[in-house]
Amino acid sequence: MTGSVARSKTFDMLVSVCTLWIATGFFLDAWAHGHVPVESFFTPYHGVFYSGMLALVLVIAIFAASNRRRGYAWRDALPAAYRWPVFGLVIFVVAGFGDLAWHELLGIEEGVDALLSPTHQALGLGIFFLAAGPINSALASRKELRTLSDYVPLIFALATWMELVHFGTAYAFDPAAGRSNAPPSAASFSPGYLTAITIGYYKIGTGVLVVLFQSILIAGFGLFVAAQFRTPPGTLALTYLLGNSAAAAAFTNDTPLLVTVMLMSVAAGAVGDLLIAAIRPSRERVVAYRIFGIAVPVTYFAVYFLATAVTGGVWWDWNVLLGANIWAGVVGLGLTFLTLPHAPDS
């Protein structure tokens with residue numbers, strides 16, 4: 001047979017499940033690095049994401065072998081959408097052996113070191129490539145996607161990408177506006193006064209930068225979906241919920257961060273889904289596209305500040321809270337101009 005094998009909904013689903021499994025396993029391992037003694041490469045936490053990779057290899061191998069028996073050449077035994085993403089397997093395998101050698105020779109990373117470890121980043125890159133397969137498949141088959149179940153592989157793959165971004169930038173996940181994160185207080189003109197003021201200044205500055213970065217992430221994924229698809233209700237809410245929850249679970253400790261992030265994700269996703277249904281933001285409907293770009297990140301952080309205030313209080317004052325939320329909308333609006341640089345308003 002000539003030409004690549006046709007798209008398979010089952011294959012898209014299995015690949016997307018495996019990639020989300022692996023990305024979630026990364027955060028289980030990240031949690032372990034911060035909560036339990038990790039002294040070896042061979043841990044149950046590594047086992048979770050490496051078992052996901054084994055499952056993914058088996059899915060790809062069985063699907064390709066089956067199509068080979070049907071008469072397809074090996075180079076055509078996977079759908080065209082996977083022709084480049086499948087190289088993620090090579091990246092992951094090489095990085096996996098590199099990670100083993102890294103741990104055995106240089107020891108176990110802790111804290112931010114574990115996030116920025118070159119071998120860990122390479123593992124994430126491999127999964128990033130592989131998760132592109134279901135996304136490419138959805139882009140090539142947009143007319144066939146109608147119901148929420150049709151979009152599940154895309155949702156899982158986009159959630160995988162979000163989790164991978166969170167994994168590499170976990171130090172920029174929580175703005176830390178909760179009262180438990182407040183800097184130490186000091187009486188005016190006491191020996192520790194200037195130190196407390198300086199710590200507070202940098203904690204607020206860093207927190208606002210986290211708001212800006214996370215707004216780029218939330219708005220960027222939402223704008224991609226709105227521009228490329230006409231998704232049914234629930235698509236963005238599920239994408240954000242799955243894409244954010246593993247990171248929140250790994251970092252929550254004794255705080256309500258997990259519940260807060262879940263509320264933020266569902267609220268921002270629901271607003272995005274409602275706007276997609278009501279005003280159909282797209283490259284052709286530019287004003288609607290810009291409204292969408294503003295509303296989604298603003299909702300995301302409005303719920304963060306509200307939930308944080310209710311569950312323990314915030315230490316930022318109202319100027320910072322409102323200003324940071326306005327900046328979330330400005331960032332979303334800015335992304336619409338970057339993605340539609342020459343489009344006239346209409």
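**Close-up 1. Asp 76 and its salt bridge to Arg 83.** In this predicted model, Asp 76 has a relative accessibility of 7% and therefore counts as buried. Its side chain meets that of Arg 83 in a salt bridge, with an N to O distance of 3.0 Å. Arg 83 is partly exposed, at 41% relative accessibility. A search of the whole structure gives three salt bridges. Shared partners join Arg 7, Asp 12 and Glu 144 into one network.

**Close-up 2. Salt bridges of Arg 7 with Asp 12 and Glu 144.** The side chains of Arg 7 and Asp 12 meet at 3.1 Å, N to O. Asp 12 is buried, with a relative accessible area of 2%, whereas Arg 7 is partly exposed at 26%. Arg 7 also forms a salt bridge with Glu 144, where the closest N and O atoms are 3.1 Å apart. This pair links distant parts of the chain, 137 residues apart: Arg 7 belongs to the segment before α1 (9-35), and Glu 144 to the loop between α5 (118-140) and α6. Glu 144 is partly exposed, with a relative accessible area of 42%.

**Close-up 3. Positive phi at Ala 176.** Most residues other than glycine have a negative phi. Ala 176, in the loop between α6 (152-168) and α7 (193-228), has a phi near 60°. Its relative accessibility is 18%, so Ala 176 counts as buried.

**Close-up 4. Positive phi at Arg 280.** Arg 280 is not a glycine, yet its phi is about 50°. The residue is found in the loop between α9 (257-279) and α10 (286-311). Arg 280 is partly exposed, with a relative accessible area of 42%.

Conventions:
Residues numbered from 1 in each chain as written. Predicted model: local features only at pLDDT ≥ 70, side-chain atom pairs only at ≥ 80, totals over all residues. Heavy atoms only, no water. Helix = DSSP H or I, 4+ residues; strand = E, 2+ residues; numbered from the N terminus. Buried < 20%, exposed > 50% of the residue type's maximum accessible area, 1.4 Å probe, protein only. Salt bridge = Lys/Arg side-chain N within 4 Å of Asp/Glu carboxyl O.
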